[in-house]
Amino acid sequence: MRIIVSGAAGFIGSHMCDRLLLEGHSVVAFDNLLTGSLNNLEHLSSVSAFEFVEHDVNLPLDGKLPGGAVDAVLHMASAASPKDYMAHPIETLDVGSIGTRNMLELAKAHGARFLVTSTSECYGDPLVHPQVETYWGNVNPVGPRSCYDESKRFAEALTMAFHRTCNLRTNIARIFNTYGPRMKLNDGRVVPAFLDQALRGEPMTVFGDGSQTRCFCYVSDLVDGLYRLMQSAERYPVTLGNPHEMTILEFAEHIRRQTRSKSHIIHEPLPQDDPKQRKPDIGKARRILGWEPRVSLEDGLRQTIEYFRALQAPAS
């Protein structure tokens with residue numbers, strides 16, 4: 001298949017390109033590099049089945065798409081970390097609305113299948129635990145995180161509208177916390193923040209008392225779930241994440257042990273609307289995709305730590 005991937009220079013998007021190429025597909029990658037990096041795609045520059053187009057998918061695609069068939073469109077473009085989407089709230093809302101519309105219209109024009117990557121943030125600060133796809137969420141629509149939460153909720157609604165009215169083959173993935181190589185050091189998310197601080201021997205910052213919970217899925221597991229979902233007939237949202245739940249304080253201690261860091265832990269106030277609990281119910285993904293995470297936290301962190309150590313190593 002010839003597959004369009006938006007947000008291809010991002011953390012998950014670049015790994016998705018790797019998987020698609022490995023499976024024998026050709027990829028046309030779009031990214032405006034607002035939060036993505038060409039470094040994430042550098043290893044693909046000589047691959048004949050890969051084409052990169054620097055373009056903002058919020059803008060018309062006229063003349064930007066190389067000629068040829070389009071079999072699938074994967075809309076993965078969005079600022080994904082709190083630091084990025086709070087710095088770019090309008091662009092974040094645009095890519096969830098205008099960008100999603102443009103990618104859906106592209107899929108419709110070519111009779112292609114369409115997948116959009118949504119988020120666990122659709123659940124807000126959840127009142128149901130663990131979070132299952134039938135839960136509608138507890139989202140603050142005007143809070144500081146709303147630009148991201150609502151952009152993804154709108155993207156889901158628009159995707160379903162195209163499915164219902166245009167008979168488009170669509171998939172919606174609700175992604176929970178994912179980590180691995182190619183995460184940005186300074187994006188404000190807990191994994192790169194803790195690893196950067198631990199490797200430098202600096203204090204590790206825990207917000208609140210650290211009792212809030214998260215689950216962490218290694219990127220290769222997540223991409224495998226996306227690839228399976230792309231080929232499925234499921235049109236309603238499917239949760240993808242690792243259900244192994246731990247407190248942020250426990251996770252900080254795990255990082256400290258695995259990096260053998262002497263960093264001590266400090267506490268800062270909890271950000272507004274920061275979810276108290278996060279745990280995916282992946283029963284649906286197990287049932288319809290035959291999918292579940294396989295990479296242990298220890299193995300995934302080992303590979304991620306190696307990547308971050310290389311980033312911090314002084315140039316020779």
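1. Rings of Phe, Tyr and Trp (for Trp the six-membered ring) are taken as a pair if their centres lie within 6.5 Å, and the planes count as stacked when under 30 degrees apart, as edge-to-face when over 60 and as tilted for the rest. On that basis Tyr123, Tyr135 and Phe176 form one aromatic cluster.

2. This is a predicted model, in which local features need pLDDT of at least 70 and side-chain atom pairs count only at pLDDT 80 or more, while totals for chains, interfaces and linings use all residues. Residues are numbered from 1 along each chain as its sequence is written, and side-chain values use heavy atoms, with hydrogens and water left out.

3. Across the whole structure, 7 aromatic pairs are found. Tyr85 and Tyr148 form a stacked pair, 4.6 Å centre to centre with 5 degrees between the planes; because Tyr85 lies in helix 2 (residues 82–87) and Tyr148 in helix 4, this pair ties together parts 63 residues apart in sequence. Helices here are DSSP runs of H or I of at least four residues, and strands are runs of E of at least two, numbered from the N terminus.

4. Both Tyr85 and Tyr148 are buried, a term that means under 20% relative accessible area, with exposed over 50% and partly exposed in between (1.4 Å probe, protein chains only).

5. Helix 5 (residues 190–200) is largely enclosed by the rest of the structure, because 8 of its 11 residues are buried; among them are Phe194 and Leu195. Just after helix 5, Gly201 takes a positive phi of about 75 degrees.

6. Asp125 is placed in the loop between strand 5 (113–119) and helix 4 (146–166).
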